[in-house]
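Please keep the sequence and the coordinates at hand while reading.

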Protein chains: 2
Amino acid sequence: VSSKRYLITPGPTPIPPEVAAAAAAPMQHHRSPEFRALLIETLGRLQQVFATENDIVLFTGSGTAAMESAVANMLSPGDRVVVATAGNFGDRWVKLIRSYGLEPVVVEQPWGERLDPARIGAAASEEGTKAVFVTHSETSTGVVHDVEAIAAAVAPSGAVLVVDAVSSLGGVELATDAWGVDVVVSGSQKALMSPPGLAFASVSEKAWKLAERSQLPRYYLDWRRAADSQVKGDTAFTPAVSIVLALRTALDLILTQGLANVWEHNRRLARATRAGVKGLGLDLYSPDDDSSAMVTALLMPEGVDGQECYTVLRDRHGIVLAGGHGPLRGRIMRIGHMGYMNEFDIVTALAGLEMALAQLGHTPPVPGGGVAAATALFAAEPVPVDG
Amino acid sequence: VSSKRYLITPGPTPIPPEVAAAAAAPMQHHRSPEFRALLIETLGRLQQVFATENDIVLFTGSGTAAMESAVANMLSPGDRVVVATAGNFGDRWVKLIRSYGLEPVVVEQPWGERLDPARIGAAASEEGTKAVFVTHSETSTGVVHDVEAIAAAVAPSGAVLVVDAVSSLGGVELATDAWGVDVVVSGSQKALMSPPGLAFASVSEKAWKLAERSQLPRYYLDWRRAADSQVKGDTAFTPAVSIVLALRTALDLILTQGLANVWEHNRRLARATRAGVKGLGLDLYSPDDDSSAMVTALLMPEGVDGQECYTVLRDRHGIVLAGGHGPLRGRIMRIGHMGYMNEFDIVTALAGLEMALAQLGHTPPVPGGGVAAATALFAAEPVPVDG
């Protein structure tokens with residue numbers, strides 16, 4: 001079997017060649033005029049992608065490090081905080097907050113549902129709520145929650161709204177300032193199509209006020225220390241220089257294409273993926289609408305184990321999709337279509353899925369029906385030749 | 001002026017071409033058999049470089065993140081802990097520990113001195129001392145502290161010994177198990193000649209026992225969570241995949257050359273650097289002996305500002321050395337000779353230094369005296385042709 005691999009997951013996502021080349025450039029010192037200019041440019045481009053004029057603090061770490069920074073920088077023992085969750089990454093907020101000795105009020109919904117802005121707003125409106133933590137793209141289920149509506153529901157409470165946009169930022173609309181989101185955390189390795197290793201948090205004035213009073217310990221993840229360095233183009237600690245180089249290049253690609261065009265590109269790939277899944281005679285787990293543009297989750301047919309399907313795809317065909325987390329393990333398969341993905345990545349995923357399912361005893365109703373549905377959609381929704 | 005740059009600093013250090021190429025390989029998923037094998041191999045090689053059979057936990061972050069992990073995982077409010085410091089990075093332990101609400105006992109010595117094992121042992125021997133934090137290579141002064149003697153002095157107390165080896169590991173001997181060091185923290189971007197972005201901590205059984213009882217909060221930097229994942233070849237959170245690829249390649253280069261050969265290589269470059277500094281008529285700030293093998297610090301001549309010299313070197317000659325931290329700012333210049341460095345990097349640093357000093361009004365006693373002294377030493381101490 002060929003060692004060629006097709007990475008079609010919700011992250012890390014494939015890296016465009018010019019981004020990989022940037023990561024391999026000669027090492028440079030982080031306290032140099034070149035790096036200072038690079039960092040300031042990169043932060044400026046991130047502000048465009050975050051759609052914010054707020055400070056963005058950058059950490060070398062995974063997205064979870066940026067999530068933790070929001071907890072450690074803003075909260076104090078005994079604070080009332082609300083977490084809304086309907087999946088694995090929403091649950092991560094709960095675990096993070098508990099690890100700092102606070103007990104959040106959890107607005108829980110079954111995995112696969114969209115978060116209910118009204119319930120979140122009601123929980124936030126109770127006396128003394130300091131902050132509300134939610135997820136934008138819940139990668140474990142494929143659901144993109146309606147952050148605009150959640151922000152509107154939380155606004156009357158005055159609580160700080162924190163959004164985990166690790167797997168959504170740059171791939172789907174997130175109007176940080178216009179929607180009134182105080183803190184957005186994200187990472188380099190999803191829709192931003194860069195190697196994993198950098199994480200960010202945008203911080204509103206209201207969030208800075210909480211940070212000034214917070215009594216939880218932090219050093220490496222301290223926002224003030226990071227921001228005070230960044231003003232001068234510095235980082236508080238040695239950053240992942242090669243990934244900053246990669247990220248700047250990737251952000252250029254994204255902003256040159258235009259954010260709205262990238263979002264439409266992702267929606268189109270998602271529509272084709274959904275059409276293809278149905279063409280294979282399978283049922284969708286993630287919502288069958290344009291909101292689910294980052295990850296499509298499909299239910300395994302009766303009698304087929306998703307983990308087995310994952311393994312066959314990977315080991316026999318070189319295709320890396322994602323299986324299910326937690327209660328969904330073995331039940332679903334997830335196709336990522338964020339970042340550096342195109343029509344034929346979707347074709348590859350669908351063709352491979354048909355072959356793998358056949359090997360596991362599940363033959364689709366129409367041979368080639370998945371790819372046929374996807375290519376029909378692509379043909380019906382052509383992109384401009386220069387697009 | 002050419003844009004060609006010569007990075008001759010104590011880190012980040014230059015990346016060998018095969019390491020840079022590894023970092024630019026196609027992205028792979030971190031939950032895959034390939035990555036699991038890569039991670040387990042990399043951790044095994046790190047154990048060889050750490051000279052330990054202890055667990056090594058890996059984090060995506062800078063060296064400071066690994067330092068913080070030692071504090072957050074082992075200490076509890078009210079613990080008696082000792083920090084020994086004689087420079088900027090020793091002081092970082094103090095700041096880190098204070099940021100978690102503990103007040104360390106500080107065994108302080110003037111910058112530029114070597115830490116005194118007897119004083120550290122005495123401080124450790126006082127009732128109830130949980131842990132002792134020291135620095136191996138104090139990058140701010142060029143001093144490599146005698147960790148073997150410190151470990152022997154601390155041993156009778158039973159306190160856990162934590163060593164910051166961020167800028168020494170792999171470049172100078174550190175016999176973790178043989179010397180009885182409980183926790184060694186390091187990073188990818190110094191003697192390990194990989195891009196910055198990965199940090200590690202080796203954890204002895206005694207250190208694990210403290211970690212089980214620690215009451216400080218942590219999530220991203222939690223040792224238990226990291227170790228439990230690593231047993232299966234996983235990481236708790238998405239790691240910097242491209243830097244793991246780079247690091248594995250760099251560790252192969254180091255282990256193929258042989259650690260003892262790498263250490264002697266560094267000592268030889270350091271000897272030539274010291275000879276060259278004296279050949280320029282300048283005084284050394286770091287010790288004039290083989291212990292100072294990672295960074296050589298030299299005093300600026302009377303009337304020459306080190307920051308100005310740094311800027312001339314960088315902007316007119318493309319040579320990036322390091323200036324002085326804190327009280328040494330403007331007074332010293334530091335030449336890094338760890339990692340992917342060779343004879344002609346030292347020649348370049350010395351030739352550039354002579355030219356920059358001349359432009360600032362300081363002419364050396366003998367024209368070309370710095371390079372002449374270095375090349376004479378290289379000639380007198382030849383390396384084997386296949387070396």
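## Symmetry of the two chains

Of the residues of chain B, B:Gly61 comes closest to the rotation axis, with its C-alpha at 2.4 Å. In this predicted model, chain B can be laid on chain A with an RMSD of 0.0 Å by a turn of 180 degrees and a shift of 0.0 Å along the axis, where the superposition is by least squares on the C-alpha atoms of residues with pLDDT of at least 70 in both copies. The two copies are thus related as by a two-fold rotation axis. The same surface serves both copies, since 100% of the contact residues of chain B recur in chain A.

## Basis and confidence

Residues are numbered from 1 along each chain as its sequence is written, while chains are lettered from A and ligands numbered from 1 in the order in which they are written. As the model is predicted, local features need pLDDT of at least 70 and side-chain atom pairs count only at pLDDT 80 or more, whereas totals for chains, interfaces and linings use all residues, and side-chain values use heavy atoms, with hydrogens and water left out.

The model scores ipTM 0.95 and pTM 0.96. For chain A, the mean pLDDT (the predictor's confidence in each residue, from 0 to 100) is 96, and 99% of the residues reach 70 or more.

## Extent of the interface

Counting heavy atoms within 4.5 Å as contact, 47 residues of chain B are in contact with 47 residues of chain A. The area buried between the two chains (accessible area, 1.4 Å probe, lost on being put together and summed over both) is about 3700 Å², and carbon and sulfur atoms give 66% of that area. On the side of chain B, B:Met27, B:Tyr219 and B:Tyr220 lose the most area to chain A, together 18% of what that side buries.

Between chain B and chain A the count is two salt bridges, a salt bridge being a side-chain nitrogen of Lys or Arg within 4 Å of a carboxyl oxygen of Asp or Glu. A:Glu34 forms a salt bridge with B:Arg5, and the closest N and O atoms are 2.6 Å apart.

Over all chains, the count comes to 42 salt bridges. Within chain A, A:Asp79 forms a salt bridge with A:Lys130, the closest N and O atoms being 2.7 Å apart. A:Asp79 lies in the loop between helix H3 (63–74) and strand S3 (80–85) of chain A and A:Lys130 in strand S5 (residues 129–135), so the pair ties together parts that are 51 residues apart in sequence; helices (H or I, at least four residues) and strands (E, at least two) are DSSP runs, numbered from the N terminus.
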